[in-house]
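Here are my notes on the model, for you to read alongside the coordinates.

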Amino acid sequence: MMDPSRAQQVANPLEELGLDELRQRTSMKWRAHPADVLPLWVAEMDVRLAPPIAEALHRTIDAGDTGYPVGTAYAEAFSAFAAENWAWNDLAVERTAIVPDVMMGIVEVLRLLTEPGDAVVVNSPVYAPFYAFVTHDGRRIVEAPLGADGRVDLGVLEDTFRRIRQGGRGAAYLLCNPHNPTGTVHTPGELARIAELARTHGVRVVADEIHAPLVLPGARFTPYLSVPGSEDAFALMSASKAWNLAGLKAALAIAGEEAAADLARMPEEVSHGPSHLGLIAHTVALREGQEWLGALLRGLDANRTLLRRLVAEHLPEAGFRVPEGTYLAWLDCSYLGAGAPAARDGLAVVSDLAGPAQLFLDEARVALSSGHVFGTGGAQHVRLNFATSPAILTEAVERMGRVRPVG
């Protein structure tokens, strides 16, 4: 496990870049809106690369080592990281496959487990691309909404599993662990009950665990495949969110012991999608980037505390449940009275704006993710990315606080 004392010697990565430097970036977060907009929307962090990753990439480029990826180094690094940080000692390298990224990996795994027209259950509000990727591949989304406490409603989930399995069609459950956009970190007890329900009703679980390394103080991540009853499930994992590597594609599909035969049916060409540079970067992140990650988590925890204070001061009427993980905050802004359409059956995309998000962009020049794209329960909400400098976060929330209710 990362040494907290050594992590404290690493500078807060969120304080290294100023606004002028960030505006030179060419990635989506900083180029989708005009320069006067503070972007706190898409899940990119305002950080430099962790030094070990940058150094490895420079060495690779200098050597001209830019060919095709090969080998199991990434899976081996993730297995060691999981054992050290989560006491998960069963991430078997032989039951992994490299995939381009987590969402493409989810699509490929769902193709192994379901047929076109089968149901895929999600806990709305949930990561918007779940709707688009699943429905565009011919499966149908069925929502089992989160409870009023922002956690999986196990009673609703059981009823949903029972309903979709009537008639005998195949079905899968796409679990977001930790949950995006609410930042909920599922407990071992919740996950064990989910596994029991899935077994009882013959529903195959696919866990998106891309935010797993980003669990903040006060909570602890539990890998879904580590709980009893999950042996026929899959997990998708990546270092991309924790080390800001979205542009360096690489992820892992991991099969439970009873799902190994399913994984063996994955087409070979899927493994051609990840980038060789991506595999190198992700592997180094897991092996050598833990001190940097420790400093990042301390910075995110401080920003979470700052955000709680800023919301109380400048957005006192907003509903805000402090996230347990990720660097995403979910705000209920219904006090603004801004109308928003319902999510559009898988066609809404992250950049779509309506309701409060549109109001904050127009009147405060702050870009947030619009809640309506996250499905049922998302309207009148916004998702705020607090993986930025305290100065930018403060300025953004102060601006948001000046927006008055409609009418």
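1. Thr326 has 0% relative accessibility and is therefore buried, the cut-off being under 20%. This is a predicted model, and the remarks below should be read as remarks on a prediction. Thr326 sits in the loop between strand E9 (319–320) and strand E10 (328–332).

2. The backbone of Thr326 deserves a look: its phi is near 70°, which is positive although the residue is not glycine. Most residues other than glycine have a negative phi, and most peptide bonds are trans. Gln380 is another non-glycine residue with positive phi, here near 75°. Gln380 belongs to the loop between strand E12 (369–370) and strand E13 (381–385).

3. Which residues does His179 touch, leaving aside those up to four places away in sequence? They are Asn123, Pro125, Val126, Leu146, Thr184, His186 and Thr326. His179 lies in the loop between E5 and H9. With a relative accessibility of 1%, under the 20% cut-off, His179 also counts as buried. For Leu310, 131 residues from His179 in sequence, the C-alpha to C-alpha distance to His179 is 23 Å.

4. One runs from Ser124 to Pro125, with omega near -5°. Pro125 is in the loop between strand E3 (119–122) and helix H7 (129–136), and Pro125 is one of the residues that His179 touches.

5. The other cis bond joins Asn177 and Pro178, with omega about -5°. Pro178 lies in the loop between strand E5 (171–176) and helix H9 (188–201), and His179 is found in the loop between E5 and H9 as well.

6. Helix H6 (residues 102–113) packs on H7 at an angle of about 40°, the axes being 10 Å apart. H6 is therefore oblique to H7. The crossing of H6 and H7 is right-handed. On the H6 side the contact uses Met103, Met104, Ile106, Val107 and Leu110, and on the H7 side Pro129, Phe130, Phe133 and Val134. By class, the contact of H6 with H7 has 9 nonpolar residues, with no polar and no charged ones.

7. The spacing of such contact residues can be read against helix geometry. An α-helix has 3.6 residues a turn, so residues three or four places apart point the same way. In H6, the residues that meet H7 include Met103, Ile106 and Leu110.

8. How do helix H5 (residues 73–86) and helix H12 (residues 276–288) cross? Their axes come within 9 Å and cross at roughly 20°. H5 and H12 are therefore roughly parallel to each other, as an angle under 35 degrees counts as such. The crossing of H5 and H12 is left-handed. H5 contributes Ala73, Tyr74, Glu76, Ala77, Phe78 and Phe81 to the contact, and H12 contributes Leu279, His282, Thr283, Leu286 and Arg287. The residues of the contact of H5 with H12 divide into 7 nonpolar, 2 polar and 2 charged.

9. Helix H15 (residues 390–401) has 12 residues and spans 16 Å from its first C-alpha to its last, close to the expected 16 Å. Its buried residues are Ile392, Leu393, Thr394, Ala396, Val397, Arg399, Met400 and Gly401.

Key
Residues are numbered from 1 along each chain as its sequence is written. This is a predicted model: local features need pLDDT of at least 70, side-chain atom pairs count only at pLDDT 80 or more; totals for chains, interfaces and linings use all residues. Side-chain values use heavy atoms; hydrogens and water are left out. Axes are lines fitted to C-alpha atoms, for helices over the stretch in contact, and angles run from 0 to 180 degrees between N-to-C directions. Helices (H or I, at least four residues) and strands (E, at least two) are DSSP runs, numbered from the N terminus. Angles under 35 degrees count as roughly parallel, over 145 as roughly antiparallel, 65 to 115 as roughly perpendicular and the rest as oblique. A crossing is left-handed if the near helix is turned anticlockwise from the far one by less than a right angle, and right-handed if clockwise. Contact means heavy atoms within 4.5 Å. Ala, Val, Leu, Ile, Met, Phe, Trp, Tyr, Cys and Pro count as nonpolar, Asp, Glu, Lys and Arg as charged, and the others, Gly among them, as polar. The expected span of a helix is 1.5 Å times one less than its number of residues. Buried means under 20% relative accessible area, exposed over 50%, partly exposed in between (1.4 Å probe, protein chains only).
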